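Here are a few exercises to work through with the structure in view. Try each task before reading its solution.

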Amino acid sequence: MANQGAKKRKEENARHMEKLRRLIIACNVIYVLVRMLIFHSTFTWKHWIGLVFTSLAYAIPYQQLAAMAKPTYGDDGDLIDGGFDMSTGGICGYLHDIIYITSFVQVMSILSGKFWYTYLVIPAFGAYKSSGFIKGFLSQGSQGDVEDEKTRKKREKMEKKASRGKIVKTRAR
């Protein structure tokens, strides 16, 4: 079969998206049942805002993942591409992390409102990842580092070698 890999990826992506959908629905059902029905006396407007916020925190990454997992079909209806591989890292992994952190925060916020601080992990990780990118731009102009003896000698040797002209050997015919 010509497109077996694309068919397999399409099926894997469909199963994966179904698992994510079940996770989101389960967390929302648990939150509504426990927080709204059992602990209804302590349910305030802040909890409504939390429910709306977590719903958005689920919806945005889920829609992006669904668009990535969507298969591509040709004009004749044949499967061309099975969609993006959901097991890879990068942005796909970060979107999964947001969904998992949101599910943790939503379920654990039933016990205590302090679990909302867990969301600070997301911008902290973003700052950590971007700090390496920013350092790359800032460190190019700084030459204040102290050089040890071995590095200095190696640098001088390389400079000396580079300053000499390149000798091109030719064969006499």
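**Exercise 1.** Decide whether Arg164 is buried, partly exposed or exposed, then find the charged patch that includes Arg164.

*Solution.* Keep in mind that this is a predicted model. Start with the cut-off: a residue counts as exposed at over 50% relative accessible area. Arg164 has 56%, so Arg164 is exposed. Next, place Arg164 in the chain: it sits in the segment after helix H5 (149-163). Finally, look at the surface around Arg164, where Lys157, Lys160, Lys161 and Arg164 gather in a patch of positive charge.

**Exercise 2.** Work out which residues are joined with Arg152 into one network of salt bridges.

*Solution.* Begin with a general idea: side chains of opposite charge can pair when their charged atoms come close. Now take the partners one by one. Arg152 forms a salt bridge with Glu149, with 2.4 Å between the closest N and O atoms. Both lie in helix H5, three residues apart, which is about one turn of the helix. Arg152 also meets Glu156 in a salt bridge, at 2.8 Å from N to O. Those two are four residues apart in helix H5, so about one helical turn separates them. Put together, salt bridges with shared partners join Glu149, Arg152, Lys153 and Glu156 into one network. As for accessibility, Arg152 is partly exposed at 27%, Glu149 is partly exposed at 45%, and Glu156 is partly exposed at 36%.

**Exercise 3.** Say where the model's confidence is lowest and where it is highest.

*Solution.* Take the whole protein: the mean pLDDT is 83, and 90% of the residues reach 70 or more. Then go by element: strand S2 (residues 79-81) is lowest, at a mean of 80, while helix H3 (residues 91-108) is highest, at 90.

Methods
Residues numbered from 1 in each chain as written. Heavy atoms only, no water. Patch = residues over 30% accessible without salt bridge, like charges linked within 9 Å, V, L, I, M, F, W, Y side chains within 5 Å. Areas by Shrake-Rupley, 256 points an atom, 1.4 Å probe, with all protein chains shown as cover. Salt bridge = Lys/Arg side-chain N within 4 Å of Asp/Glu carboxyl O. Lys, Arg positive; Asp, Glu negative; His and termini not counted. Charge placed at Lys NZ, Arg CZ, Asp CG, Glu CD. Buried < 20%, exposed > 50% of the residue type's maximum accessible area, 1.4 Å probe, protein only. pLDDT = per-residue confidence, 0-100.
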